[in-house]
Amino acid sequence: MSEARRVRAAYGLGCFGTDLYWHGTSFFLLFYYTDVLGLPSATAGLVFGAAMIWDGLIDPLMGLIASRTRTRWGRYRPYILLGAAPLAAAYALMFVQPFLGVPWPLAFALLAQMLFRTAYTAISIPYGSLSAAITTSADERNMLATFKVWGGALAALAVALGSQPFVALWPTPQLGWLMLALLIGTVSSAAFVVMFLRTREQPPGEAPPQAFGTMLRALAENRPFLVLLAAIVAVNIATVISGKVTVYYFTYYLQRPDLTGLGLAIQVAAVLLLTPVWSWVGRRWSKRQAWLWGAGVATAGLSAEFGPERILDT
């Protein structure tokens, strides 16, 4: 394997590590809150909403901190290496609640998830910026992005197909989910270490970073950026909702909880198979066209998945 391919594979492995956490929370954490901890659905939704707001507040701050960091390992890789263990511990903390007998389950769930979001941000934001520090080549960045998508899709596939069978191996769901959290933390931490060892950052430019207020004003005046940001927010909202609803949809509406993993895995398999296709569409026409066409296909797919039964019921 050439050096370039080793770097790409290592970079994709980093996304495998981050997305084990991301999909673990996206697919099953809300279900864990309501069906294992017994939190009311409104309360569980409040925990998620407050944690996501906190996530949105700290993401820019972490980006600012990372961009101003200077070490012999680079700006971004140190956070990924040093943040691996705290992130694994924070993730496990969200599933340890049944064994502690805490008197305020809502407060504990909220605190644990906010700690997780903070630890996750400390790794995910530097990781998201790492490709630009690895290479200045646009073509190579596209290749890194492709490997990133593949790594994330493989993580989603592992979570979708493996979570419920693994939990079922243990005497109680509470213990099963905790052991799964520990396993995810171990595997993800190993992935981060390998990625750290196999990648290198180029020296940063000598231009001093701009003041935070100056950057915010520049972004606020950039209309194309704001349009793109709104589109990304809309897509992320749809992705979060569909990911969290799927497990309930199969469990309670279709009465087939055994098919939950398969349903999630089909979504992930589509990402794996179609990533090269959409990459080609972006190169052949434009990234804008690929985005618009992809959004149309996704809208049609979600309508087909969740719509017909509701229409027939009415």
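Asp258 is exposed, with a relative accessible area of 52%. Exposed means over 50% relative accessible area, buried under 20%, and partly exposed in between (1.4 Å probe, protein chains only). Arg256 is partly exposed, at 38%. The side chains of Asp258 and Arg256 meet in a salt bridge, 2.7 Å from N to O. The term requires a side-chain nitrogen of Lys or Arg within 4 Å of a carboxyl oxygen of Asp or Glu.

This is a predicted model, where local features need pLDDT of at least 70, side-chain atom pairs count only at pLDDT 80 or more, and totals for chains, interfaces and linings use all residues. Residues are numbered from 1 along each chain as its sequence is written, and side-chain values use heavy atoms, with hydrogens and water left out.

By the salt-bridge rule the count comes to four. One of them joins Glu140 and Arg8 at 2.8 Å, N to O. Glu140 lies in helix 6 and Arg8 in helix 1, so this pair ties together parts 132 residues apart in sequence. Helices are DSSP runs (H or I, at least four residues), numbered from the N terminus. Both Glu140 and Arg8 are buried. Asp55 forms a salt bridge with Arg117, with the closest N and O atoms 3.4 Å apart. Asp55 sits in helix 2 and Arg117 in helix 5, 62 residues apart. Asp55 and Arg117 are both buried.

Now the nonpolar core. The term covers buried Ala, Val, Leu, Ile, Met, Phe, Trp, Tyr and Cys residues joined through side-chain atoms within 4.5 Å. The largest such core has 59 residues, and Tyr21, Tyr33 and Phe95 have the most contacts inside it. Helix 1 gives the most to this core, with 13 residues. Beyond its neighbours within four places in sequence, Tyr33 is in contact with residues including Leu39, Phe48, Met94 and Gln113. Contact means heavy atoms within 4.5 Å.

Aromatic rings come next. The structure holds 22 aromatic pairs. Rings of Phe, Tyr and Trp (its six-membered ring) pair if their centres lie within 6.5 Å; planes under 30 degrees apart count as stacked, over 60 as edge-to-face and the rest as tilted. Phe31 and Tyr248 have ring centres 5.6 Å apart and planes at 65 degrees, so the pair is edge-to-face. Phe31 is in helix 1 and Tyr248 in helix 9, 217 residues apart. Phe31 counts as buried at 13% relative accessibility, whereas Tyr248 is partly exposed at 21%. Ring pairs also link a cluster that includes Tyr21, Tyr33, Phe48 and Phe95.

Technical notes:
Helix = DSSP H or I, 4+ residues; strand = E, 2+ residues; numbered from the N terminus.
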